[in-house]
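Hi,

Here is the structure I said I would pass on.

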Amino acid sequence: MESSPADHAKSEPFHTVTPLLESWALSQVAGVPVFLKCENVQPTGSFKIRGIGHFCQEVAKNGCRHLVCSSGGNAGISAAYCARKLGIPATIVLPESTSLQVVRRLQGEGAEVQLAGKVWDEANLRAQELAKRDGWVNVPPFDHPLIWEGHTSLVRELKAALGTPPGALVLAVGGGGLLAGVSAGLVEVGWQQVPIVAVETRGAHSFNAAVEAGRLVTLPSITSVAKCLGAKTVAARALACTRESKILSEVVEDREAVDAMQRFLDDERMLVEPACGAALAAVYSGLLGRLQAEGRLGPALASVVVVVCGGNSIDSRELQALRAQLGRS
């Protein structure tokens, strides 16, 4: 008996094996080879498809009949994409202030879009209500073991491409799902000695605040322009990872992230969102060099991998508006 497309979708990963490119320009800045893990070319435009794809496939196998998600960003786009591939309806609940561009993108993936409340927290409450319906499952943006498990695939690809471990791995932290998955992946492939430089922008630094306090901290509000990093409280699992892996929590300013976006666009012809700019700023701002000078990255840095996490929530006009807002134009 032949399997249906939906059955096939439950077994084959939704993410693609993304390119690992050596960047001449960033290598010149860092003084060591810098490799870019280009998650911005995933079919949904960000790394989120790895974890959310795995989550959606697993719940589909267990009888989920409807997916619901309260993110209009990378998580929502990934949930809508997975639902279409699985042949399951999806409802994405968003604040009333959501741009028409985001609504159209989600509708283009076949999702029903509901607008509820003035802020994400209110939209999220509506999504949680919907998820109480029989056969409906709420898709968490970052805080779930299946999400972290899906993200480990990124490290397996790095091992296959590089062979030997890099000197450091740089990534941005929002809710902590990518950090949790990469940390687990490094242990899985035997690279647990590789330090992770976990970067946030000031005003969205819930992980850094938790590391400094030694416990979870809820920020009063998100004041950074990097809205994709806007989790007021990081996942508890992310903080637990600091006890299992070598994680250096670092904070950059919004202007450094936006400057990095512009320089990366000029250097590599790729436009990425501020969350990704935060990770790139570790190289462009000299942060990596300072960490090395302080002896926090080992005696000799052989190479660096930067996770280019995504580029959905940006266009050329938005970049110019951010530069003007921060006095960088």
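This is a predicted model: local features need pLDDT of at least 70, side-chain atom pairs count only at pLDDT 80 or more; totals for chains, interfaces and linings use all residues.

Let's start with helix 9, which covers residues 177–188. Its 12 residues reach 16 Å from the first C-alpha to the last, close to the 16 Å expected at 1.5 Å a residue. The helix is largely enclosed by the rest of the structure, because 9 of its 12 residues are buried. Among those buried residues are Gly177, Gly181 and Gly185, along with Leu178, Leu179 and Leu186. Just after helix 9 you'll find Gly190, which takes a positive phi of about 80°.

Next, take a look at Glu200 in strand 8 (residues 196–201). It's buried yet has no salt bridge. The nearest side chain of opposite charge belongs to Arg202, and that is 9.3 Å away. So what does lie by the side chain of Glu200? The backbone nitrogen of Ser206 is 3.1 Å from one of its polar atoms, and the backbone nitrogen of Asn208 lies 2.8 Å from a polar atom of that side chain.

Last, the core. The largest nonpolar core has 97 residues, and Leu171 and Leu280 are the ones with the most contacts inside it. Helix 13 (residues 274–284) gives the most to this core, with 9 residues. Both domain 1 (20–47 + 144–326) and domain 2 (49–138) supply at least three residues each to this core.

Cheers

Methods:
Residues are numbered from 1 along each chain as its sequence is written. Side-chain values use heavy atoms; hydrogens and water are left out. Helices (H or I, at least four residues) and strands (E, at least two) are DSSP runs, numbered from the N terminus. The expected span of a helix is 1.5 Å times one less than its number of residues. Buried means under 20% relative accessible area, exposed over 50%, partly exposed in between (1.4 Å probe, protein chains only). Lys and Arg count as positive and Asp and Glu as negative; His and the chain ends are not counted. A salt bridge is a side-chain nitrogen of Lys or Arg within 4 Å of a carboxyl oxygen of Asp or Glu. A polar contact is a pair of N or O atoms within 3.5 Å; within protein, one must be able to donate a hydrogen and the other to accept it, and residues adjacent in sequence count only if both atoms are side-chain atoms. A nonpolar core is a set of buried Ala, Val, Leu, Ile, Met, Phe, Trp, Tyr and Cys residues joined through side-chain atoms within 4.5 Å. Domain bounds come from an automatic or database domain assignment.
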